Amino acid sequence: MRSRTLSLAAAAGAALLATAALPANASGLARGSAPRATGPASTQEGSVSAADLLAKVTSCSQISNGKYRTDDETSATVPVCGKNGAVFWKADMDVDCDGQRTSKCSESTDPWYQDDTAFHQSDGKPLRADTLPYVVVPSSSSIWNCGSAGIKGGGVVAVIYQNKVEYAVVGDTGPTKIIGEASYATAKALGIDPDPENGGADSGVTYILFKNSQVSPIESHSAAVTLGDRLAQTFLRDN
């Protein structure tokens, strides 16, 4: 069963990305451990393979001042690592269903549901977790200041799981000590059970966040794929 504490929720709401170019009003929250995921989807976004990207992140040059937990009850084992033009981490995937209320994401489907996200669509509405692939990043803290590293709302993320690449945007913020969370749509696209309460993946997810990138509008997944593919090619060339 997933769990979150009130203290973590308060911490998440207290600190948003310092350099975010989009409105920030609410934070995502991390869940507890998740069961094993289903098999990956068969389609591939962009021209860069998962294998080529993973070959560039086999070792970690740690840029965070400490390490993160993947869930409330786990020990801190996940560092944020630096590369040319990107940062990355390897963790689990908890499912974030926060944002616009839909049949898949609401109080009836998610015990921890919140009707807002840290970053908003171009029309001012919260993001829609069941249709937009987005990633949750830890709120800035003494462990790591994501904004100072060039990671902001609307930035592009390559999410890799079981030989599948899905491009997403930085869409929400979470607790200061927990890492490894993405939207319902991200999980579903990767073949991971997207159920916000019992789904997710226990491990094996790699998140590569491209520095100083910006998808406009943030809600355009096609724009994220186009920009992400170009940045992934640059990432391979420069690392």
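Reader: Which residue in S7 does phenylalanine 88 stand opposite?

Author: Phenylalanine 88 stands opposite isoleucine 208 in S7. The model is predicted: local features need pLDDT of at least 70, side-chain atom pairs count only at pLDDT 80 or more, and totals for chains, interfaces and linings use all residues. Residues are numbered from 1 along each chain as its sequence is written, and side-chain values use heavy atoms, with hydrogens and water left out.

Reader: What makes S2 and S7 a pair of strands?

Author: Strands are DSSP runs of E with at least two residues, and helices are runs of H or I with at least four, both numbered from the N terminus. Two strands pair if DSSP finds at least two bridges between them. S2 and S7 (residues 201-210) are joined by 7 bridges and run antiparallel, so they pair.

Reader: How do you know that S2 also pairs with S6?

Author: Between S2 and S6 (residues 181-183) there are 3 bridges, in the parallel sense.

Reader: What joins S1 to S2?

Author: S1 (residues 81-83) and S2 run antiparallel and are joined by 3 bridges. Lysine 83 has alanine 86 in S2 as its bridge partner. The hairpin has 2 residues between the strands, and glycine 85 takes a positive phi near 80° there.

Reader: Why is isoleucine 218 called buried?

Author: Buried means under 20% relative accessible area, exposed over 50%, and partly exposed in between (1.4 Å probe, protein chains only). Isoleucine 218 has 3% relative accessibility, so it counts as buried. This residue is found in the loop between S7 and helix H4 (221-238).
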